[in-house]
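Reader: I have a new structure open and would like to learn how to read it. Could you walk me through it with me asking as we go?

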Amino acid sequence: MDSQKPILIWDWDGTLVDTIEYKYDGIWDDIFPDDEKKQKAVKEFLHSLEGKGVNRFGLIKHALVFTDRPDLADMSDDELKQDSDITKYSALYKKFSEESAVKKGIYPGTKEVLEKLFNGGYSMYIISGGGSDDDLKQMAEDVGIGGYFKKIFGFGSPGSSLTSFDKKANFERIMSQEGERDSDKYIVIGDSLSDYKFAESVGAKFIGFVREWNKWGGYKNELLLVDDIKSVESSLKGLI
């Protein structure tokens, strides 16, 4: 890595791939067809602070506990892994996620910009709750951008909770990989307030994408925001 260049940490859904709206809405209609109670429960939960901090297992668990499986609430991770409903619905989520990544695809210009940054000596990673490490790696390969990232981190790392993803733990994995402990040398690039809060919590810099679904609220005037990925490179120069 060029010591003068920052280390880039990308979000996945809504940042690199055009899947965020499906993940917040349509995927749950596909997973729970003809069950409006479960659909409503998980969609409402997704828009809460707690809901944004859990992965597919946590979202599915919430939908089931809220409707017809209250017994799941007190189950351990090991018990949840063995539960037939959790297994069935999480497999459907994985299937539909992978299909949507290929169908929706990456945003225009993404591959070209990533290639330019990669060839320019930037170390790049993905941190996302959109899948396990292996799932995200496969999806990145499927859309043709996997080779630009040194590592891709989702949820499911050894010792982590089954139902949540710990972005801070993944940030620690990246710092260990890079051998760089100065968090100011890292830039998080994402599309949501939770991405910004993650960057703020670890002391990293932040670049945010303006999308139809995010308004950035009172943060709009204090954040570095871009309209598309082609603007990221010039924004990086202002943060170095």
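Author: Gladly! Let us begin with helix α4 (residues 56-66), which is mostly covered, as eight of its eleven residues are buried. Helices (H or I, at least four residues) and strands (E, at least two) are DSSP runs, numbered from the N terminus. Buried means under 20% relative accessible area, exposed over 50%, and partly exposed in between (1.4 Å probe, protein chains only). Please keep in mind that this is a predicted model, where local features need pLDDT of at least 70 and side-chain atom pairs count only at pLDDT 80 or more, while totals for chains, interfaces and linings use all residues. Residues are numbered from 1 along each chain as its sequence is written, and side-chain values use heavy atoms, with hydrogens and water left out.

Reader: Which residues of α4 are buried?

Author: They are Arg56, Phe57, Gly58, Leu59, Ile60, Lys61, Ala63 and Leu64. Look also at the start of α4, where a side-chain oxygen of Asn55 comes within 2.9 Å of the backbone nitrogen of Phe57. That is a polar contact: a pair of N or O atoms within 3.5 Å, where within protein one must be able to donate a hydrogen and the other to accept it, and residues adjacent in sequence count only if both atoms are side-chain atoms.

Reader: How do I read the sides of a helix, and which residues of α11 are buried?

Author: See where the covered residues point. In helix α11 (residues 232-239), the buried ones are Val232, Ser235, Leu236 and Leu239. These residues sit on the same side of α11 because they cover an arc of only 105 degrees around the axis; the arc is that of the directions from the helix axis to the C-beta atoms. Exposed Lys237 and Gly238 are carried on the face turned away from that buried side.

Reader: What do the buried residues of α11 pack against?

Author: Their partners are β1 (7-10), α7 (110-119), β4 (186-190), β5 (205-209) and β6 (224-226).

Reader: What is a nonpolar core, and how many residues has the largest one here?

Author: In soluble globular proteins, nonpolar side chains tend to be buried together. A nonpolar core is a set of buried Ala, Val, Leu, Ile, Met, Phe, Trp, Tyr and Cys residues joined through side-chain atoms within 4.5 Å. The largest here has 29 residues, and Trp10, Trp12 and Phe149 have the most contacts inside it. Two or more residues of this core come from each of β1, α7, β2 (124-132), α8 (133-142), β4, β5 and α11. Apart from this core lies another, of 22 residues, among them Ile31, Val54, Leu59 and Leu64.

Reader: What is Trp12 in contact with?

Author: Contact means heavy atoms within 4.5 Å. Leaving aside neighbours within four places in sequence, Trp12 is in contact with Val17, Ile126, Ser128, Leu136, Met139, Ala140, Val143 and Ile145. You can follow Ser128 from there: this residue is found in strand β2 and counts as buried at 3% relative accessibility. With neighbours within four places again left out, the contacts of Ser128 include Asp11, Asp13, Phe153 and Phe155.

Reader: How are aromatic pairs read, and how many are there?

Author: Rings of Phe, Tyr and Trp (its six-membered ring) pair if their centres lie within 6.5 Å; planes under 30 degrees apart count as stacked, over 60 as edge-to-face and the rest as tilted. By this rule the count comes to ten aromatic pairs. The Trp28 and Phe32 rings are stacked, because their centres are 6.1 Å apart and their planes at 20 degrees. Trp28 and Phe32 are both buried. For Phe171 and Phe198, the centres are 6.3 Å apart and the planes at 85 degrees, so this pair is edge-to-face. Phe171 lies in helix α9 (residues 167-178) and Phe198 in helix α10, so the pair ties together parts that are 27 residues apart in sequence.

Reader: Which residues do ring pairs link into a cluster?

Author: Trp28, Phe32, Tyr89 and Tyr93 are linked in that way.
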